[in-house]
Amino acid sequence: MLFYPREWHTACMPIMSIVLLDIMASVLDILIVGGGFSGTTIAAHLLRRATGLSVGILDRGGQPGRGLAYSSPHRFHLLNVPAGNMSALPDDSEHFLRWAQRNYDASIQGRSFLPRSLYGDYVSGVLEQAIADGNQDRFRWLQDEALSLQQRNGQLAVQRKSGPEVLTRAVVLAIGNFPPADPRVPGLGPGSALYLPFAWANNVLEDLPAHGSILLIGAGLTSVDLIMALRSKNFKGSIRVLSRKGLLPQRYRAAEPWPPSGTRRRPVLRVDCYG
Ligand SMILES: Cc1cc2nc3c(=O)[nH]c(=O)nc-3n(C[C@H](O)[C@H](O)[C@H](O)COP(=O)(O)OP(=O)(O)OC[C@H]3O[C@@H](n4cnc5c(N)ncnc54)[C@H](O)[C@@H]3O)c2cc1C
């Protein structure tokens with residue numbers, strides 16, 4: 001989501017390079033709130049392409065590119081997309097694959113599923129490279145929590161929890177997904193010691209007894225990740241999974257190209273949709 005005062009792009013662009021130093025001292029061109037995957041890659045692309053713009057990231061944490069998905073400490077928490085399809089650069093589809101072969105394991109192939117934490121290192125590396133390519137003066141990382149956003153005198157002001165407000169000409173909100181809603185079950189609420197509302201909260205499995213029984217609500221990839229984490233903690237109790245459809249995530253299977261080679265293609269003449 002991108003916010004900018006309406007008059008900005010016409011009024012400011014021509015003088016951007018001349019006033020850059022002054023802008024860095026007081027007003028950023030673009031502030032990205034959230035430095036997970038989206039915020040970090042947006043910043044890297046802006047630095048690579050938009051010469052002259054000053055870019056800042058405001059994030060609660062200290063490390064770019066992690067966010068919820070890629071900050072898991074467990075190496076068995078894997079990407080759900082193979083390495084060959086995870087490049088952060090649309091003009092270089094094997095960028096992540098080559099990076100992983102260089103930095104992790106030379107035998108990695110395009111169809112390998114790699115740890116999510118490794119992908120966080122990669123995304124962070126993409127930004128580091130963009131900064132190192134002569135953009136040190138144009139980038140700022142601000143570790144803090146954004147509280148609110150106001151438009152004032154043709155600029156935007158972002159209020160923070162700890163530091164002074166940040167003035168900027170445009171804001172990108174890249175704050176990720178919000179936690180899920182609580183199920184409406186009597187006794188299961190945020191106050192209940194038996195209920196953990198958010199699977200990705202810090203140290204969520206920390207205080208669980210080694211024996212006991214756990215019910216996971218939902219049978220998707222997050223449940224699989226939690227089961228793996230429970231196993232790694234040597235959890236000896238029972239785990240039950242509640243699913244609306246009774247299905248578990250399926251393995252990737254090798255797929256043949258379609259139509260099979262040698263088959264004559266017939267053009268689709270018309271597709272009707274009935275809803
Ligand atoms: C557990 C999990 C696994 C996933 N695995 C995959 C996968 O394998 N492959 C795939 O393609 N996709 C995966 N996804 C989808 C994934 O969410 C997206 O691909 C992508 O990481 C989302 O990036 P994002 O920047 O929108 O959010 P996030 O990466 O979550 O980043 C949001 C950032 O905003 C910051 N933030 C939020 N509010 C504020 C505030 N008020 N002030 C300051 N900072 C703030 C947070 O600290 C965080 O760093 C997964 C998602 C999850 C939850």
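Predicted model: local features only at pLDDT ≥ 70, side-chain atom pairs only at ≥ 80, totals over all residues.

Q: OK, so what should helix α6 span, and what are its ends actually doing?
A: Helix α6 covers residues 221-232, which is 12 residues, so it should span 16 Å at 1.5 Å a residue. Its end C-alpha atoms are 17 Å apart, which agrees.

Q: And how does α3 do on that check?
A: Helix α3 runs over residues 37-49, so 13 residues, and it reaches 18 Å from its first C-alpha to its last. That's close to the 18 Å expected.

Q: Is Asn234 buried or exposed?
A: Exposed, because Asn234 has 7 C-beta neighbours inside 10 Å, and the cut-off for exposed is 12 or fewer.

Q: What about Asn153, what's its phi?
A: Asn153 has a positive phi of about 50°, and it's not a glycine either. It sits in the loop between β5 (146-152) and β6. Asn153 counts as exposed because it has 8 other C-beta atoms within 10 Å.

Q: Let's zoom out. How many helices and strands are in the chain?
A: The chain has 6 helices and 9 strands. It has 275 residues, and 24% of them count as buried. Take the contacts between residues at least 6 apart in sequence: 69% of those join residues at least 24 apart.

Q: Which residues of α3 are buried?
A: Quite a list: Phe37, Gly39, Thr40, Thr41, Ile42, Ala43, Ala44, Leu46 and Leu47.

Q: And what do those buried residues pack against?
A: They pack against β2 (27-33), β3 (55-59), α5 (116-132), β4 (139-143) and β7 (166-173).

Q: You mentioned β3. How many of its residues are buried?
A: 5 of its 5 residues, so β3 is mostly covered. Here's a handy general point: in a regular strand the side chains alternate between the two faces of the sheet. In β3, both faces are covered, with Val55, Ile57 and Asp59 buried on one side and Gly56 and Leu58 buried on the other.

Q: How do β2 and β3 pair?
A: In the parallel sense, over 4 bridges. Val33 stands opposite Leu58 in β3.

Q: What else is Val33 in contact with?
A: Leaving aside its neighbours within four places in sequence, Val33 is in contact with Leu58, Ala146, Val158, Val171, Val172, Leu173, Ala174 and Ile175.

Q: Which residues touch the most other members of the largest nonpolar core?
A: Val33 again, along with Ile30, Leu31, Ile32 and Ala43, in a core of 42 residues. β2, α3, β3, α4 (95-103), α5, β6 (155-160) and β7 each supply at least two residues of this core. α5 gives the most, with 7 residues.

Q: New topic: how many residues surround the ligand?
A: 24 residues, and the closest are Gly34, Gly36, Ser38, Gly67 and Gly176. The shell divides into 11 nonpolar, 9 polar and 4 charged residues.

Q: Which element gives the most to that shell?
A: α3, with 3 residues. α3 and β3 each supply at least two.

Q: Last one: where does Leu205 lie?
A: Leu205 lies in the loop between β7 and β8 (213-217). It's partly exposed, with 15 other C-beta atoms within 10 Å. Leaving aside its neighbours within four places in sequence, Leu205 is in contact with Ala229, Leu230 and Lys233. The C-alpha atoms of Leu205 and Leu226 are separated by 8.7 Å, and the two are 21 residues apart along the chain.

How values were computed: Residues numbered from 1 in each chain as written. Expected span 1.5 Å × (residues − 1). Buried ≥ 20, exposed ≤ 12 C-beta atoms within 10 Å, placed from the backbone. Contact = placed C-beta atoms within 7 Å. Near = placed C-beta within 6 Å. Nonpolar A, V, L, I, M, F, W, Y, C, P; charged D, E, K, R; others polar. Core = buried A, V, L, I, M, F, W, Y, C linked by C-beta atoms within 7 Å. Pairing = 2+ DSSP bridges.
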